[in-house]
Amino acid sequence: MEIPIIPIGNSKGIRLSKTIIEKYDFKDVVELILNDDYLIIKPMIHPRKNWDLAFQQMHETGDDKLLIDDVFEDENLDV
């Protein structure tokens, strides 16, 4: 498929047809993979993929501690 590069403000871009956007389920953000002589545009289907595994590993290694206290010494809820 051949598509033109079009001006967009001070930049240039490509325009994707509604058919392509719907076929590949593109939403508001896509993943752009840059290779030496080509690029790949992929839908961002799972932006938080594998976070559960990362959190589990953090817990096992003790890296899931709070960085700051959740209660402050001068905390006064009585106004």
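I began at the end of helix α2 and found that Gly62 follows it, with a positive phi near 80 degrees. The model is predicted, and I read every entry below with that in mind.

I then examined α2 itself, which spans residues 51-61. How many of its 11 residues are buried? I found a count of zero, so α2 is hardly covered, buried meaning under 20% relative accessible area.

Next I turned to the elements of the protein chain. I noted two helices and four strands. Along the sequence I read their order as β-β-α-β-β-α. I asked why the protein chain is described as more spread out than a compact globule. The radius of gyration is 23 Å, well over the 12 Å that the globule rule gives for 79 residues, and the chain is therefore more spread out than such a globule.

For the extent of the protein chain, I recorded a box of roughly 65 × 40 × 25 Å, filled by the C-alpha atoms and taken along the principal axes.

I looked up burial for the protein chain as well: 6% of its 79 residues count as buried.

My last entry concerns charge. I listed 9 positive and 17 negative side chains in the protein chain. The centres of the two sets lie 18 Å apart.

Terms used. Residues are numbered from 1 along each chain as its sequence is written. This is a predicted model: local features need pLDDT of at least 70, side-chain atom pairs count only at pLDDT 80 or more; totals for chains, interfaces and linings use all residues. Side-chain values use heavy atoms; hydrogens and water are left out. The radius of gyration is taken over C-alpha atoms; the globule rule is 2.2 Å times the number of residues to the power 0.38. Buried means under 20% relative accessible area, exposed over 50%, partly exposed in between (1.4 Å probe, protein chains only). Lys and Arg count as positive and Asp and Glu as negative; His and the chain ends are not counted. The place of a charge is taken as NZ of Lys, CZ of Arg, CG of Asp or CD of Glu.
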